[in-house]
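Please read the following note alongside the structure. The points are numbered so that each may be checked in turn.

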Amino acid sequence: MTLQRPPVNSLNLDLLKEMSKSLDEIAKNKSKAMILTSASPKVFSAGLDIMEMYKPDLKRVEEFWTTLQEVWFKLFGSNFITAAAINGHAPAGGCLLAMSCEYRVMTGGNFSIGLNETALGIVAPNWFMDTMTNTIPVREAEYALTTARMFNVEEALKVGLIDEVATDKDDAIAKCKGFIGKFDRIPALARSITKLKMRQAAIKRLQDGRREDLNEFLQFVQNPKIQKSLEMYIQSLKKKA
Ligand SMILES: CCCCCCCC/C=C\C/C=C/C(=O)SCCNC(=O)CCNC(=O)[C@H](O)C(C)(C)COP(=O)(O)OP(=O)(O)OC[C@H]1O[C@@H](n2cnc3c(N)ncnc32)[C@H](O)[C@@H]1OP(=O)(O)O
């Protein structure tokens with residue numbers, strides 16, 4: 001699955017809906033595996049589209065958040081094998097997508113990956129945190145989350161946020177295929193049940209608290225102080241260009 005929403009694959013409602021549909025198709029056509037990557041040469045995904053949260057239409061922003069939750073359920077909780085070929089920056093929601101896969105290969109270069117929410121004055125939702133603690137040790141996750149740490153490729157490898165480094169996108173995809181090939185001699189049902197048991201606690205936490213998570217998000221986007229911060233953040237991103 002190749003993310004292709006220039007310039008930075010930010011996750012807006014339309015892209016999330018497309019992803020949700022594609023994940024359904026992959027599950028339905030009984031694909032063995034999926035590799036998630038990006039069509040951009042330098043950004044895997046810039047995370048959530050800030051414009052969806054800035055001065056939002058309430059009905060749309062509710063659909064936006066529930067679709068994001070759905071994409072996470074379908075990706076993190078998939079039966080099929082998932083790997084991410086991370087060929088560029090992966091902040092926040094971009095990191096969430098990568099961590100929701102089972103294996104991550106990142107191309108070398110001046111790219112970074114991590115959950116930077118606290119730097120934006122935002123508390124990452126529990127399921128973002130659960131996805132991180134499913135990937136790297138709890139102590140490292142707490143440190144990274146509280147300090148909004150963006151890891152460079154070497155740091156990400158050292159902490160286990162990524163599994164391998166690749167020279168370029170083709171190499172990243174080849175390495176993801178290498179990971180997928182490891183399952184050729186492992187019974188598929190045993191593999192998928194084991195994966196889902198490992199992920200069950202995080203999945204159940206969001207299933208049980210899905211409405212509450214949505215309400216927290218809706219309160220968050222309607223808070224005037226948050227709106228002011230988002231406005232300043234958007235300006236800072238635009239000034240940079
Ligand atoms: C108590 C419980 C509370 C519960 C409440 C829960 C609330 C939690 C809510 C949300 C969690 C948030 C998750 C997120 O994912 S927020 C998004 C975070 N993402 C970022 O901070 C990344 C920002 N972008 C960048 O750092 C860079 O763009 C880059 C490194 C990805 C790429 O750099 P570069 O190639 O140099 O591109 P530009 O910076 O020049 O950007 C090009 C263009 O794109 C616009 N843009 C960038 N990122 C975003 C984005 N995330 N959304 C929308 N638009 C984006 C940028 O503004 C430029 O636009 P232009 O000037 O008009 O061309």
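1. Threonine 2 has threonine 37, in β2, as its bridge partner. This pair belongs to the contact between strand β1 (residues 2-3) and β2, which run in the parallel sense and are joined over two bridges. Please bear in mind that the model is predicted.

2. Of the six residues of β2 (residues 33-38), five are buried, so the strand is largely enclosed by the rest of the structure.

3. An open sheet is formed by three strands in the order β4-β6-β7, with mixed pairing. Because β4 (90-91) and β7 (151-152) stand at the edges with a single partner strand each, one side of each is left without a neighbour in the sheet. The pairing of β4 with strand β6 (residues 112-114) is parallel, over two bridges; alanine 90 has isoleucine 113, in β6, as its bridge partner.

4. Which residues come nearest to the ligand? Of the 27 residues around the ligand, they are Gly47, Leu48, Ala92, Gly93 and Leu237. By class, the shell comprises 16 nonpolar, five polar and six charged residues. Helices α2 (50-53), α10 (210-221) and α11 (224-240) each contribute at least two residues to this shell.

Definitions and conventions
Residues are numbered from 1 along each chain as its sequence is written. This is a predicted model: local features need pLDDT of at least 70, side-chain atom pairs count only at pLDDT 80 or more; totals for chains, interfaces and linings use all residues. A residue is near a molecule or strand if its C-beta atom, placed from the backbone, lies within 6 Å of it. Helices (H or I, at least four residues) and strands (E, at least two) are DSSP runs, numbered from the N terminus. Ala, Val, Leu, Ile, Met, Phe, Trp, Tyr, Cys and Pro count as nonpolar, Asp, Glu, Lys and Arg as charged, and the others, Gly among them, as polar. A residue is buried if 20 or more other C-beta atoms lie within 10 Å of its own, exposed if 12 or fewer, and partly exposed in between; C-beta atoms are placed from the backbone. Two strands pair if DSSP finds at least two bridges between them.
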